Amino acid sequence: MKRITLITLSLVVTALLYAGCTDSFLQKSDSNSVNSDTFYQTEAQALASVNSAYAMLQAHGLWGRSIFFMLDFAGQEVGTTGNTQGPPLELLNHNYGPSGNTHITTPWDNLYDMISKANSTILNVGQMEDIDTAVRDRVVAEATFLRGLAYFYINAIYGGGPLRLVENLDELHTPRASEEEIWTQVETDLSAAAGVLPQKGGYPAAQEGRATSGAAYALLGKAHLYQEEYSDAETAFQQVIDQGVYDLERASDYGGNTIDNAIQAMRWNHHPDENNNKEAVFEVQFKSGTGFGWSTDGTGRNETSIRPQEYGVDGFAFYNAVPAQDLINAYDSDDPRLEAFYFGPNSTYRGQPYDFAGKGWAWKKYQKTDEAENSESDANMDVIRYADVLLMMAEAKIMQGGAKVAEGIELINEIRRRADPTGNILADRDTNAGQNQAFDWLVLERRLELAGEQTRFFDMVRWGMAADEWDSFQAGKHEVFPIPQEEINANTEMTDEEDQNPGY
């Protein structure tokens, strides 16, 4: 069931707040100069304000299109087709620079668009007096979560950037903050949001898919994990688990503990017809029927994702990416996830046996199986799902050593048992294994379970494994992407010498 359609009202507030947008966030008009006395009067307007920040998640540069090109290609999860060229191929080969690659520049723009809209909501809605205080506080918490999410990706992708907050909205030119300063802001935002937001299931049905306390704690744990703060990460992930509102989609939910039912359960996580299920911690919401907007500045309506079309089956889509062969080779040959996540030798497509001999492996995550994809997919895109939380919790435990290693291995086993409830294909990992072996198992399990979900690049970088695994990856350079040159040129507080990332 689709939720939070960002209707015309959110487009109105977007137009009011961001008239005259250009590709650079530094060149946007003052988001507080046109509306605080006239627009922020009603609960509907408060919701429209935060909806304009949510809308950036669907934008061309984020989960509408570019974020999966950036991270799946740079993370070496895809193989090329005859259609793979230009910016995506640069990402695959790690030969990009600070200008000219839209999948690097547009995410930056759209993340700062989201930050700016979140700041405006935090400031203006926070001052509203004539609406229900619980609604007001929740809307401000939603905006705070979205700002924390945006800064998480600014750090993870670019290694830092200008820190734009309510307190310095009047400053057109803002210096680049350090990674440490931004991580602190991420933690502050997510902790504040987690204390106010409802749990999953706490919104009215028509608003399902908005930020929740579970999503805030999950992303907070992820921020701690990326900083190797393992005890703090464990504490945050435990908050998600203890809520009791999340679970893995399991074979037992679909008729019994068979391999076919397990495949159906895993498939249902990424099926266009099923969204916001019990495994969803935070998804970007999409809805068909609105068209895919090719504008990259975030001003147009865009509620459909083009990822299924880009990654679709040969002859029925753009066919710009296939699963990398070494990714396929990483699975056991009979791992049920091969059938759940990919079109392969035993698959069906459009009511017929899939032409594996002619087409080879293809992505099934987020794809239809009964008909060809088009550019108006309404499959929600995962940001964090519960399987990811369990594997991140496993990592946090394993990296602390001692008795926690066995606890981490048991969480890995929970993921494997979901994939194979019979135990005949994927045997449990030995909980008596040492820390190094447990970590190796974790690395593999995250690769197999989360393929095509924009986690592999970050994982390999933070583990220090990317340069050893990927021939085109240059240590000391490609851990982060370049700061877009247009931002450095426009910002008098930034220079190439001081602020561009090393090697660019």
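**Exercise 1.** In which loop is Tyr366 found? Describe its backbone and its burial.

*Solution.* The model is a predicted one, in which local features need pLDDT of at least 70, side-chain atom pairs count only at pLDDT 80 or more, and totals for chains, interfaces and linings use all residues. Residues are numbered from 1 along each chain as its sequence is written, and side-chain values use heavy atoms, with hydrogens and water left out.

Step 1: Tyr366 is found in the loop between β7 (362-363) and β8 (381-385), where helices (H or I, at least four residues) and strands (E, at least two) are DSSP runs numbered from the N terminus.

Step 2: Phi of Tyr366 is near 70°, a positive value in a residue other than glycine. Most residues other than glycine have a negative phi.

Step 3: Tyr366 is buried, with a relative accessible area of 1%; buried means under 20% relative accessible area, calculated with a 1.4 Å probe on protein chains only.

**Exercise 2.** Describe how α9 and α15 meet.

*Solution.* Step 1: The axes of α9 (residues 230-242) and α15 (residues 386-400) come within 9 Å and cross at roughly 145°; axes are lines fitted to C-alpha atoms over the stretch in contact, and angles run from 0 to 180 degrees between N-to-C directions.

Step 1: The contact is made by residues including Tyr230, Phe237 and Ile241 of α9 and Tyr386, Leu390 and Met393 of α15.

Step 2: By class, this contact of α9 with α15 has 12 nonpolar, 3 polar and 2 charged residues, where Ala, Val, Leu, Ile, Met, Phe, Trp, Tyr, Cys and Pro count as nonpolar, Asp, Glu, Lys and Arg as charged, and the others, Gly among them, as polar.

How values were computed
Contact means heavy atoms within 4.5 Å. Buried means under 20% relative accessible area, exposed over 50%, partly exposed in between (1.4 Å probe, protein chains only).
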